[in-house]
Amino acid sequence: MKNNNRHSWLNRFIELVLRKASFVVTAAILLALGSTYWIYQLEISTSRHNLVAADNPYQIRMLNFIKEFGAPEMPIFVISGGDPAQRRNMVDALTERLEESPRYQGKTLGHMGPEELAEAILVQDLSQLSDLRLLVPAGETLANFLSGGVPTYAQAFESKLGSLAAALQIQMLSPFGPMISTEQVDRALNQVTTLAQMTDAYLAGTSPWAAVGGDAEDSKINNGLDAAQYLVGDTGEFHIIVLFPTMEGDEISEIKPMVDELRAIRDTLQAEPRFAGLSAQLTGIPALSTDEVDIIRAGLLRSGLATGIGIFVLFWFFFRSFRQSVVAGLPMLLGIMFSLAFVRLAYGGLNLITSSFLSVLMGLGIDFPVHWLSRFNEFKRVGTPLKEAIQKSMSRAGPAILTGALTTSLTFLSMATTEFTAFAELGVITAVGLFLMLLVTF
């Protein structure tokens with residue numbers, strides 16, 4: 001009696017549910033149907049950027065960088081099979097097809113031609129960019145100067161040579177003259193010399209990278225280039241095309257259309273008879289993220305079904321009742337539906353971490369009907385009428401179930417204090433899911 005008085009509010013709640021059983025069942029069905037609308041809109045994000053709080057200083061710096069320069073993730077085509085000549089032909093054909101799209105025009109790299117060579121040589125060591133500025137004519141930007149190629153460098157060098165010499169003379173005569181050192185001039189001259197040597201090697205059909213410390217010029221694979229200056233892997237068994245499209249982020253809604261477009265272009269080209277036996281696979285973070293969404297969705301479905309079926313079979317085995325197994329599964333099913341609707345409303349969708357919450361929630365939530373049905377069966381075995389057995393079992397087991405649910409939920413809620421947003425969301429989602437499953441069970 002003392003126990004009943006202490007938990008009189010729980011008894012009143014149970015009595016209300018029993019009196020309004022039809023209303024409760026109807027409300028549960030309507031809420032479940034309403035939840036399907038939000039669940040249908042649920043998305044899974046593979047973005048690595050939203051795993052940490054947006055106000056984290058390091059996160060802010062990274063997001064500002066992406067906003068200014070675009071996401072640094074690059075799609076990459078890996079072409080294998082056939083002989084080197086066939087792979088080079090496919091690199092040329094695929095590059096030509098990609099360049100037809102404004103998105104990839106001037107942003108593909110599979111062959112180190114004269115234009116790419118001129119820009120790449122002088123930025124081998126980024127610390128020397130300050131020295132290169134000595135050669136940049138007045139009113140010209142460093143970027144335009146680098147992309148000008150050999151003629152631009154030669155002309156700038158000729159015009160600057162006299163002024164550099166005069167500046168050095170002034171500095172030697174006066175300690176307060178222009179701060180131009182002989183070391184700076186030497187480094188600039190060395191870079192121009194390297195450029196000339198690499199250009200001569202390229203025009204001769206040998207490896208231009210030997211001039212910057214590579215292997216012998218007759219090497220087949222040198223610094224990622226084959227003898228014809230095409231990008232290759234370390235062993236030379238496959239060729240590579242690197243793309244540099246502008247991307248504002250790594251959300252699946254932003255990158256999936258691009259990945260689908262690249263694969264469609266690849267499929268059309270690969271179907272041509274001249275490229276029979278060759279394979280062009282798309283990799284890189286955008287392609288992997290797109291594939292991850294399908295993998296996560298399929299894994300979520302498989303793990304949820306496996307967990308649900310496993311729980312149902314074990315419940316049926318130990319309780320020896322199909323009906324009670326169904327009764328125990330209903331709160332779990334409705335609790336999951338309501339939890340997914342909450343995720344959609346609160347966070348917009350799941351991410352790489354929170355997508356694992358379903359199995360955790362099912363494993364913890366099944367404890368509630370287990371405890372209640374165990375008490376219910378005890379009363380039924382002694383001939384207690386149905387409604388009375390339900391009320392007494394909830395009255396006796398309810399406080400223990402409630403205490404266990406609250407302590408577990410608070411434990412998960414404590415994860416909300418972490419700066420790692422993904423784990424914080426996982427804690428909140430699981431805690432809310434347990435509460436909803438408890439409510440549905442009662």
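**The sheet and its helix**

In this predicted model, 4 strands make an open, antiparallel sheet in the order E3-E4-E2-E5. Strand E3 (108-109) and strand E5 (279-283) each have a single partner strand and stand at the edges, so one side of each has no neighbour in the sheet.

- Strands (E, at least two residues) and helices (H or I, at least four residues) are DSSP runs, numbered from the N terminus, and two strands pair if DSSP finds at least two bridges between them.
- Strand E2 (residues 76-80) pairs with E5 in the antiparallel sense over 5 bridges, and Ile79 stands opposite Ala280 in E5.

**Confidence**

- The mean pLDDT (the predictor's confidence in each residue, from 0 to 100) of the protein is 76, and 71% of its residues reach 70 or more.
- Residues 172-178 have a pLDDT below 50, and this stretch has 3 contacts (heavy atoms within 4.5 Å) beyond near neighbours in sequence.
- Residues 214-219 also have a pLDDT below 50, with 10 contacts beyond near neighbours in sequence.

**Helix H13**

- Helix H13 spans residues 322-347 and gives the largest share of a nonpolar patch, 4 residues.
- Val326 is found in helix H13.

**Reading notes**

- Residues are numbered from 1 along each chain as its sequence is written, and side-chain values use heavy atoms, leaving out hydrogens and water.
- Local features need pLDDT of at least 70 and side-chain atom pairs count only at pLDDT 80 or more, while totals for chains, interfaces and linings use all residues.
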